Structure formats: structure tokens, C-alpha cells
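Dear colleague,

I am passing on the structure below, together with some notes on what turned up in it. Please read the notes alongside the coordinates.

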Amino acid sequence: MVQRSSLAAPYEVPLLAVCLLVCVATGLELSVNDQYADFSLTTTPGPLVSLSCLVQNSSEAEELVWYREDGEVDLNDANKVNISNVCISPVTESDNGVTFTCQLARDDTVQVSVTLDVQFPPDLSGEEILYVEEDKDVTLSCNAKSNPQATAVWYKDNSTLTLQEDHHEVYLTSEVFELSIQTVEASDNGTYTCVLSSSIGEGSKDFHLIVEDKKSIFPLEAVIAAGVVVFFTILFAIVARRDKIFKCFKKSSDTAL
């Protein structure tokens with residue numbers, strides 16, 4: 001029994017060491033801006049955004065790597081070990097939805113991601129004058145970009161536009177808000193206003209639609225001009241051959257006598 005205990009003792013020490021290593025390894029984690037799991041960071045265009053990644057529960061020097069979407073961020077050597085910072089300046093609307101990920105260089109399973117939630121109101125203003133001929137189609141288009149997504153409404157002459165089937169068509173995406181009018185009529189003449197509203201702002205744009213009379217298929221001016229040319233051509237031909245024409249008339253008269 002004593003011998004069996006003395007033989008088992010040397011194997012207990014490595015086993016204990018392995019357990020301690022496993023505990024240390026599983027305790028190592030990262031945090032970004034004090035967040036230990038993936039998160040969304042709400043901001044607005046303009047201000048600088050700083051992301052700070054820290055190695056937690058490690059006594060060793062750990063190298064960190066940053067990614068913007070699928071592309072690696074270029075870091076200097078002093079900004080890679082145990083703590084690493086990334087700054088986004090200036091923040092723009094195009095940064096909305098972009099994900100930054102900090103991870104261990106030696107183990108990409110240890111990581112934290114942050115997705116930028118860049119909030120901005122609809123950027124819509126000004127006015128536009130459109131001329132359209134009767135029976136033609138026309139499309140009024142507004143920029144619909146905003147975050148959060150805005151609600152969109154069309155007005156005509158300061159009243160909510162009543163949509164008519166087979167005459168009006170509304171198209172809305174995260175990029176554009178459009179009103180199409182098929183086979184324009186004289187009654188479509190007026191001012192159309194596209195209004196986009198979100199929880200952080202509103203934007204609008206006016207379209208002054210001027211409906212013109214339908215043009216004839218054969219332009220009257222061109223027909224008149226062509227007629228004048230033909231008339232003078234015939235007239236000049238007659239003048240140039242007047243002697244022969246008069247002789248013919250004279251011979252005809254003499255024959256008749």
C-alpha cells in the first residue's frame with residue numbers, strides 16, 4: 001500500500017499543473033470598451049469614435065489584431081500588445097452597419113465585435129421644376145437614406161396625395177423614395193412634396209410639375225415651312241420657263257381659231 005502511494009505521487013503534480021493551465025486558458029478573454037460580448041455602438045456622423053480592446057486574465061504578453069469587416073487594420077507595434085486602440089474619424093453615414101473585430105493573434109476564436117449604429121436624419125431639401133407633356137410618364141425621386149429608417153409620404157398642393165390605381169405608383173427602399181405618374185393629365189399639374197420623417201429628424205423636397213399641351217405628331221411649323229419651299233420652287237420654275245409656256249398658250253389659241 002505504501003509503495004503504491006509513493007508511485008502515484010509523482011503523477012499527481014503534472015495533473016495538477018495541467019488543470020491550472022486549463023483554468024488560466026479558459027479565463028483569458030477580451031473586452032472592447034468594457035464590453036465582453038459582441039455589441040452595437042450608437043453614434044452620429046462627425047464625432048471621433050474610439051474603440052479600446054483589452055486582454056483580460058492573462059499574465060503573458062498577448063498580440064491583438066483588429067479587423068474592419070474582412071480587412072485587417074494596420075496597427076503600429078506599440079498598439080498591439082495586451083491593449084489596442086482603433087479610432088474612426090470622422091464617422092460618416094457610410095460607416096453605418098460596419099463591424100470592427102478585435103481578436104487574439106494566436107487564437108481567432110477569442111474575439112469581440114462591435115457594429116457601428118450611425119444615426120442620421122433624412123437629408124432632403126430644395127425644389128425642382130419638371131416639365132412633362134400630356135400622355136407622357138414622369139417619375140419624382142427623393143433621397144430616402146436615414147437611420148433609423150424614415151416614414152415617407154407624398155403630398156400634392158399641401159394635401160396628402162390620393163393615389164389612383166394605374167395612374168400613381170410609389171416605390172420606397174432604404175435608398176430612394178419615388179412617385180411615378182403614368183399617362184400624365186392636365187389635372188396632374190401642381191406642386192408635389194416628398195416628406196420623410198424619423199425619430200431624429202425630418203426632410204422634404206418640392207417638385208413643381210408643369211404639364212404641357214400634347215404636341216401634334218406632325219409639327220405645324222415644319223409643314224408650313226415645307227409648303228413655302230415647294231410654292232417658291234414651283235413659282236421660280238414657272239418664271240424661268242415663262243417664254244415657252246406663253247408660246248404653248250399662243251399656239252393653242254391659234255389652233256383654236
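Which residue in β14 does Cys142 stand opposite? Cys142 stands opposite Phe177.

This is a predicted model, in which local features need pLDDT of at least 70 and side-chain atom pairs count only at pLDDT 80 or more, while totals for chains, interfaces and linings use all residues. Residues are numbered from 1 along each chain as its sequence is written, and side-chain values use heavy atoms, with hydrogens and water left out.

The protein chain holds three helices and 16 strands, taken as DSSP runs numbered from the N terminus (helices H or I, at least four residues; strands E, at least two). Strand β14 (residues 176-181) has five of its six residues buried, that is, under 20% relative accessible area with a 1.4 Å probe, protein chains only. Strand β10 (residues 138-143) runs antiparallel to β14 and is joined to β14 by six bridges, whereas β13 (residues 168-172) pairs with β14 in the antiparallel sense over five bridges, pairing requiring at least two DSSP bridges. A hairpin of three residues links β13 to β14, and His168 stands opposite Ile181.

The largest nonpolar core has 23 residues, and Leu30, Val32, Leu51, Trp66 and Phe100 have the most contacts inside it; such a core is a set of buried Ala, Val, Leu, Ile, Met, Phe, Trp, Tyr and Cys residues joined through side-chain atoms within 4.5 Å. Apart from that core lies another, of 20 residues, including Leu140, Cys142, Tyr192 and Phe207.

Best regards

Note on methods
Buried means under 20% relative accessible area, exposed over 50%, partly exposed in between (1.4 Å probe, protein chains only).
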